[in-house]
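Have a look at the picture first, and then read on.

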Amino acid sequence: MDKHTTGRARRAGTLPARLALALATALTFAAGDVAAATAAAPRAEVMHWWTSSSESAAVRKFADAYRAAGGVWGDTAIAGADQAKAVAINRIVGGNPPTAAQFNTTKQFRDLIDQGSLNNVDDIALRDRWDQLMPQAILDVIKVKGHFYAVPVDIHMSTWIWYSKAAFQKAGIAKEPATPDELFAALDKLKAAGLVGLAHGGQPWQENILFQAMLANVGGKELYLQVLRDRSPKAINSEAFKKVLLAFKRLQSYVDAGSPNRNWNDATAMLIRGRAGVQIMGDWAKGEFAAAKQSAGKDFGCIPGLGANVPYLIQGDAFVFPKTKNPEAVQAQKLLATSMLAPAAQLEFNKIKGSLPILSNVDASSMDVCAQAGMAILKDKTRAVGMIEVFLTPDQNGALQDVLTTYWNTRMPVEKAQKGIVAALQD
């Protein structure tokens, strides 16, 4: 081998070593860049109670949107809304708050506002024109003394009447109920056909929903507001309200023996399997139908109200941002608010969750027939009314639930229930 060959061999032998060194150096710098970028990315611990199959799938859309916007999502899911809210409040008060915590768009977080424990989101609200594009019933609870203290992410209607097409067919029910009398007639037919008429979970909050449904559909908007907004003893002791309570109690004759303590999604599963005909539940139930690959209008029906003027009872989910002056935490909070309200994230989340986008300028034309019905109703601003917790404090609502559950589960006379509700709703 001559010297030229030897030189070429030596140079060839050193080339891989040089490449390896260069590559190692590049990877070292790249790793450092990634670590630096990750460290600089806004990190958010998001506390929520979305743990059912459909809810978990929905919240992943927000997590994906936050990551796509450059953030690092930390998921703290706690089963049960009451438990999650209690943990959030304890951590906020204890000085170890999450970046964001889920509440409903009700008075649940008013104490935190009054105590100065939350950052406002006025800049996001102004940018996205919340005053023009959100329902007034939502604005009334998130806007306090001119400041916005929560980021609503959806609109839920709490008293949809869902029904199984298969069960209706088996019971010979050809026409969708359009009045309270027709609903009870359908329940009678379902029971006669050997089916569970009303799929219900015997828990106080679910009985509260049945009560609201009867108050809205049997009593109407004026009585609804007199009882819950005005808390009028005269209205509560009226014959009209007695009819509402009797209709509420009548529903109990259509539930099955397994009802006590059943979870709401397990009740929805009874419709999905064709074991039960009707469920009265918020539109989050639609997410369970979707997870079971059932289609609105084909496998199940949805009735927003038994009449053209029945109030559409709304609330929703929102995130509050605990008070902090840490610039990184504030950056994470603002990025969360922005990414959750982005039109694509709103559509993807609400399609799975069963709810409606919070901003009325989001194009919802690709959503299902139930969502389309809800969007059409919201165009009539006289129909949208806050659900029960929009008007009542947590203590008042808890006292009302105690009366309703006792009335539901015992032989309490209706007149005694009326007196109990008067007492429960007083300040």
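The mean positions of the 47 positive and the 39 negative charges in this protein lie 4 Å apart. Keep in mind, as you look around, that the model is predicted.

Now step back and take in the whole protein. Its C-alpha atoms fill a box of roughly 110 × 50 × 35 Å along the principal axes. Of the 427 residues, 52% are buried. The protein exposes about 19,100 Å², and carbon and sulfur atoms supply 55% of that area. How do contacts link the chain to itself? Taking contacts between residues at least 6 apart in sequence, 77% join residues at least 24 apart.

Next, let's zoom in on helix α20, which covers residues 394-409. D395 has its place in this helix. Is D395 buried or exposed? Its relative accessible area is 66%, and exposed means over 50%, so D395 counts as exposed. The C-alpha atom of D395 is separated by 23 Å from that of K242, and the two residues are 153 apart along the chain.

Finally, meet a partner of α20. Two packed helices are described by the angle between their axes and the distance between the axes. The axes of α20 and α21 (residues 414-424) come within 9 Å and cross at roughly 170°. Angles over 145 degrees count as roughly antiparallel, and therefore that is how α20 and α21 are described. On the α20 side, the contact is made by Q396, A399, L400, V403, L404 and Y407. From α21 come V414, A417, G420, I421 and A424.

Note on methods: Residues are numbered from 1 along each chain as its sequence is written. This is a predicted model: local features need pLDDT of at least 70, side-chain atom pairs count only at pLDDT 80 or more; totals for chains, interfaces and linings use all residues. Side-chain values use heavy atoms; hydrogens and water are left out. Helices (H or I, at least four residues) and strands (E, at least two) are DSSP runs, numbered from the N terminus. Buried means under 20% relative accessible area, exposed over 50%, partly exposed in between (1.4 Å probe, protein chains only). Contact means heavy atoms within 4.5 Å. Accessible areas come from the Shrake-Rupley method with a 1.4 Å probe; for residues, only the protein chains shown count as cover. Lys and Arg count as positive and Asp and Glu as negative; His and the chain ends are not counted. The place of a charge is taken as NZ of Lys, CZ of Arg, CG of Asp or CD of Glu. Axes are lines fitted to C-alpha atoms, for helices over the stretch in contact, and angles run from 0 to 180 degrees between N-to-C directions. Angles under 35 degrees count as roughly parallel, over 145 as roughly antiparallel, 65 to 115 as roughly perpendicular and the rest as oblique.
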